[in-house]
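Hi everyone, thanks for making time for this one.

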Amino acid sequence: MPELPEVETTRRGLLSAVKGQQIVAVTVRRHDLRQPIPKTFAKTLTGTSITNVRRRAKYLLIDLDSGHILLSHLGMSGSFTVRKKAGYRPKTHDHVIIELKNSKLMVFHDPRRFGVMDIMKKGEEATHLLLKNLGPEPLEKDFSPRYLAEQLTRRKGPIKPVLMDQKLVVGVGNIYASEALYLCGLHPSLPAHKLAPKAPEMVNAIRATLRAAIASGGSTLRDYVGASNEGGYFQHEFKVYGRDGEPCFACSTIIETCTHAGRSTYWCPQCQPIRAKAQKH
Ligand SMILES: [Zn+2]
């Protein structure tokens with residue numbers, strides 16, 4: 001599933017490839033994504049020019065000079081790539097094809113069709129059904145240690161699912177919640193309300209894990225905007241995620257796993273003790 005770093009990489013790839021370009025034709029091959037693509041979609045987009053590509057949580061917001069915004073989400077399996085028109089043949093799950101004046105195509109590909117393609121107007125970001133309940137961006141200033149500490153004191157459950165709550169902070173998915181807790185030496189089952197004093201370390205760890213993933217995505221940026229590439233997701237070097245039964249890179253203790261709120265969680269019992277002995281790397 002594309003997480004925030006993949007979406008941010010997609011955003012950067014799209015921005016560099018399509019900013020300033022005019023949309024000359026739009027083909028919707030399937031309307032039935034997670035929610036139906038609006039019937040006015042092609043007509044609204046055609047003839048407009050792309051002024052910016054932004055991101056809010058895992059949504060892409062493509063600004064158009066008409067004052068409309070193309071709102072997109074990659075869902076479980078989606079990709080949004082740019083390729084040359086010459087030689088392009090639509091594949092089975094290429095649901096939306098946007099043709100640009102420079103003879104390139106933006107292709108939205110989504111085998112599981114959990115993605116979103118919607119149109120909204122500028123200024124509707126705060127009220128749009130999909131965007132209005134989102135918490136702060138993890139890499140922006142309003143996700144501060146003070147904010148996190150204040151939020152944590154109100155939550156009694158284990159810290160891992162709390163960090164994944166999109167109302168608390170957006171874009172910290174299953175992978176990055178596990179990785180960030182490892183980085184600050186906190187067991188994922190510790191009760192959130194007792195960890196307020198650790199908020200500064202947690203904010204730093206969340207940002208560090210996301211930034212590292214975005215940086216590694218940068219090296220595969222070409223895959224997202226290439227002429228023929230499918231735009232698969234890049235693999236990061238994870239410290240604990242998906243490594244149960246394998247030794248910790250720091251202390252060689254075997255990584256353990258359990259389930260929180262239906263999602264797999266991974267930790268090192270030595271580096272992330274359940275008792276607050278505050279062992280640090
Ligand atoms: Zn360890």
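Let's start with helix α5, residues 174-183, which is mostly covered: 10 of its 10 residues are buried. By buried I mean that 20 or more other C-beta atoms lie within 10 Å of the residue's own; exposed means 12 or fewer, partly exposed is in between, and the C-beta atoms are placed from the backbone. Helices here are DSSP runs of H or I with at least four residues, strands are runs of E with at least two, and both are numbered from the N terminus. The buried residues of α5 include Tyr176, Glu179, Ala180 and Leu183. After α5 comes Gly185, with a positive phi near 70°.

Two housekeeping points before I go on. This is a predicted model, so local features need pLDDT of at least 70 and side-chain atom pairs count only at pLDDT 80 or more, while totals for chains, interfaces and linings use all residues. Residues are numbered from 1 along each chain as its sequence is written.

What does Ala205 touch, leaving aside residues up to four places away in sequence? Ala205 touches Ala180, Leu183 and Cys184, where contact means that the C-beta atoms, placed from the backbone, lie within 7 Å. Ala205 is found in helix α6, and it counts as buried because it has 21 C-beta neighbours inside 10 Å. Its C-alpha atom is 9.3 Å from that of Tyr176, 29 residues apart along the chain.

Pro200 also has its place in α6, which covers residues 199-218. Pro200 is partly exposed, with 14 other C-beta atoms within 10 Å. Along the chain, Pro200 and Arg146 are 54 residues apart, and their C-alpha atoms are separated by 7.9 Å.

In α3, residues 145-152, the buried residues are Leu148, Gln151 and Leu152. They sit on the same side of α3 because they cover an arc of only 95° around the axis, the arc being that of the directions from the helix axis to the C-beta atoms. On the other side of α3, Arg146 and Glu150 are exposed. As a reminder, an α-helix has 3.6 residues a turn, so residues three or four places apart point the same way.

Now, the overall picture. The chain is divided into domain 1 (4-121) and domain 2 (145-267), with bounds that come from an automatic or database domain assignment. Taken over C-alpha atoms, the centres of the two domains are 28 Å apart. The secondary structure comes to seven helices and 10 strands. The radius of gyration is 20 Å, close to the 19 Å that the globule rule gives for 281 residues, so the chain is as compact as a globular protein of that length. That radius is taken over C-alpha atoms, and the rule is 2.2 Å times the number of residues to the power 0.38. Along its principal axes, the C-alpha trace spans about 60 × 35 × 30 Å. Buried residues make up 38% of the 281 residues.

On to a sheet. It is open, with four strands in the order β2-β3-β4-β8 and antiparallel pairing; strands pair if DSSP finds at least two bridges between them. β2 (50-56) and β8 (116-121) stand at the edges with a single partner strand each, so one side of each is left without a neighbour in the sheet. Neighbouring strands of this sheet are turned by 20° against each other on average, direction ignored.

Let's follow the pairs across. β2 and β3 (residues 59-64) share six bridges, and Arg56 has Tyr59 in β3 as its bridge partner. Tyr59 also stands opposite His73 in β4. β3 and β4 pair over five bridges, and in their hairpin, with three residues between the strands, Gly67 takes a positive phi near 95°. Five of the six residues of β4 (residues 68-73) are buried. β4 and β8 then pair over six bridges, with Ser72 opposite Met117 in β8.

Helix α1 (residues 4-18) lies across β2 and β3 and runs at about 175° to β2. Axes here are lines fitted to C-alpha atoms, for helices over the stretch in contact, and angles run from 0 to 180 degrees between N-to-C directions.

Definitions and conventions:
Two residues are in contact if their C-beta atoms, placed from the backbone, lie within 7 Å.
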